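The sequence and structure are shown below for reference.

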Amino acid sequence: MKRPAAASAGAVSKKPASGTKTLSFPKNFLWGSATAAYQIEGGAFEGGRTACIWDTFCAQPGKVKNADNGTKACDHYHKFKEDVKLMKSLGLPAYRFSISWSRLLPTGRGDPNPEAVKFYNDLLDELKKAKIKPLATIYHWDLPQCLEDEYDGWLSRKVIDDFEHYAATCFSCFGEKCKDWITFNEPWCSTVLGYANGEMAPGKKEKPDTEPYLAAHHIILSHAKAVKRYRDEFKEKQGGQIGITLNMDWRHPLTEEENDKAAAQRALDWQLGWFADPIWKGDYPETMRKRCGDRLPSFTAEEKELIKGTSEFFGLNHYSTAYVCAPKGQAKTVSMWGNVQAGGYFDDQEVELVDDPRWGRSDMDWGVVPWGLKHMCEYIQKEYEPEGGILVTENGCAVADDDVKVAKKDTFRVEFLQGYIAQMHKAIQNGADVRAYFAWSLMDNFEWALGYSKRFGIIHIDYETQKRTPKQSAKMFSEVAQKNKLTLPTAVLNDSDFVMIEPGAGRATTKDAPPGQKE
Ligand code: PNW
């Protein structure tokens, strides 16, 4: 089935509008771009770095598109100075990057590798010279392979002490220069894609009924121990803050019927609440505890105390939205990469996802639904009231802009960012305490199992020559960051509000597209 070509990132508005609108952001709102070590650094076996689970995963036939891997990536390991210069020339005030565990601690534990200490300190020094505020993610999916070999990584409780030691090493080596710490990036991806559908390292899918829950349990405990360590030994002296980043696409009930509303809530519980509830409220969501029984590990009273209150801000990565209904019979969900997934974790949730056929679609085939970000921020505000506010630590889209000429006019991404930023602005006006927005990503990079086939950057990378070229979206975003204001076409603003499926309008499906727009 062919999808209608999207003329713009947002969906079609009823009344074409002319002119522009300007939206101002709160004083001190933080703008920046984000990356992750495995996706950009390269230098995979240089400077003392040892293998991580992604090196191993990439080497297995059929796991990654075109058998790509992160061995060279954007060669940021050698080109970081040029990359910081580019950020500076774009006037981007902040930069979120991640530290490679197997670079800093090549045996997974013990003393830090001096070459890695130098590399990240050099990067932090460059950022300081450029007056760019650094935010460091401690774990963005690249567990040292030796720990996977030794005790099955996140499946073992042993990982908790090793992660705590790794995090403490980061604080002591870099905490004078970096004041903002994110313990984990998207633990949902590490656990569900790593242990339930096997699309990500370590690529396990044999026990989707228990292993994702076990891995998540150890990640939450690792996070809490690392935060305690930061607070006990570093926070006061270094004057920084620490928290976690979770990924959640908005889940909207397809109808006002109770069973659809409950299904939408389950979808939020099984992804966001799974991690956010223990951290903000002290335990897993009740829906999960009831349905999973013993398959969901439980926290002792002491552990609950340790975990609660361990995120000083709410890091949110957000990309898309879906309607949710209660499935009739066993629901088959489709993974982000289009694979049908069922069993264990996927059955436990009992949700069916429905997209509106009139949504624009990115090159990942993810629906472009700017208003979802507004709902998402408002939900987090209401549910968790994060003390240090919400930081949107990733948002962006893939565009098929391999050709640098196309990249220089990436209108689709420009409109995507405008629409999402406009809806984030609405959330702020409605009382959501959103304090930062990071575009994913600073540059095109290794998009995990999809290799180099998907481009998320606001800077284009020519992988043959490693030439960097800012896209039109980089220029647009740079202007937003510098003025702390978004000026966008009224038509794009109107489109960002587009809502098709009216609550209560019945069980709409993808076949309900209006005439002329059917697939
Ligand atoms: C995030 N999903 O991954 C990661 O933090 C980035 O490293 C990645 O490049 C970026 O988003 C784009 O994919 C996600 O299934 C992986 O909804 C999966 C999902 C969302 C984000």
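## Ligand site

In this predicted model, an oxygen atom of the ligand is 2.9 Å from an N or O atom in the side chain of Trp-448. The protein covers 95% of the 450 Å² of accessible area that the ligand has on its own.

The ligand is surrounded by 18 residues, of which Gln-39, His-140, Glu-394, Glu-447 and Trp-448 are the closest. By class, this shell consists of 9 nonpolar, 5 polar and 4 charged residues.

## Second largest pocket

The second largest pocket holds about 240 Å³ of space. Its lining comprises 17 residues, and those closest to the centre are Asn-28, Leu-30, Leu-391, Arg-435 and Ala-436.

Two strands, E4 (133-139) and E16 (434-440), each contribute at least two residues to the lining of this pocket. The largest share, 3 residues, is provided by E16. In composition, the lining has 9 nonpolar, 3 polar and 5 charged residues.

## Cavities

Rolling a probe the size of a water molecule over the atoms shows where empty space is left. Across the whole structure, the search finds 3 cavities of 30 Å³ or more. The volume of the largest cavity is about 60 Å³.

Which residues line the largest cavity? They are Ile-53, Trp-54, Tyr-139, Trp-141, Trp-154, Cys-189, Ser-190, Tyr-195, Met-200, Ala-201 and Pro-202. Helix H2 (53-59) and helix H8 (187-195) are the elements that give two or more residues to this lining, and H8 supplies the largest share, 3 residues. The lining of the largest cavity divides into 10 nonpolar residues, 1 polar residue and no charged residues.

## Cis peptide bonds and positive phi

Most residues other than glycine have a negative phi, and most peptide bonds are trans. Against that background, several points of the backbone deserve mention.

Ala-201 and Pro-202 are joined by a cis peptide bond with an omega of about 5°. Pro-202 belongs to the loop between H8 and H9, and both Ala-201 and Pro-202 are among the residues lining the largest cavity. A cis peptide bond also links Trp-440 to Ser-441, where omega is about 10°. Ser-441 is located in the loop between E16 and strand E17 (459-462); E16 is the strand that gives the second largest pocket the largest share of its lining. Asp-75, which is not a glycine, has a positive phi of about 55°. This residue is found in the loop between H2 and helix H3 (76-90).

## Helix H9

Where is the kink in helix H9 centred? Helix H9 spans residues 211-238 and has a kink of about 50° centred on Arg-231. Just after H9, Gly-239 adopts a positive phi of about 65°.

Technical notes
Residues are numbered from 1 along each chain as its sequence is written. This is a predicted model: local features need pLDDT of at least 70, side-chain atom pairs count only at pLDDT 80 or more; totals for chains, interfaces and linings use all residues. Side-chain values use heavy atoms; hydrogens and water are left out. A residue is near a molecule or strand if one of its heavy atoms lies within 4 Å of it. A polar contact is a pair of N or O atoms within 3.5 Å; within protein, one must be able to donate a hydrogen and the other to accept it, and residues adjacent in sequence count only if both atoms are side-chain atoms. Accessible areas come from the Shrake-Rupley method with a 1.4 Å probe; for residues, only the protein chains shown count as cover. Ala, Val, Leu, Ile, Met, Phe, Trp, Tyr, Cys and Pro count as nonpolar, Asp, Glu, Lys and Arg as charged, and the others, Gly among them, as polar. On a 1 Å grid over the protein atoms alone, a cavity is a set of points where a 1.4 Å probe fits but cannot get out, and a pocket is an open set with protein on both sides within 12 Å along at least five of seven lines; lining residues have an atom within 4 Å of a point. Grid points are joined across faces, edges and corners, and a volume is the space filled by probe spheres set on the points. Helices (H or I, at least four residues) and strands (E, at least two) are DSSP runs, numbered from the N terminus. The bend at a residue is the angle between axes fitted to the seven residues ending there and the seven starting there.
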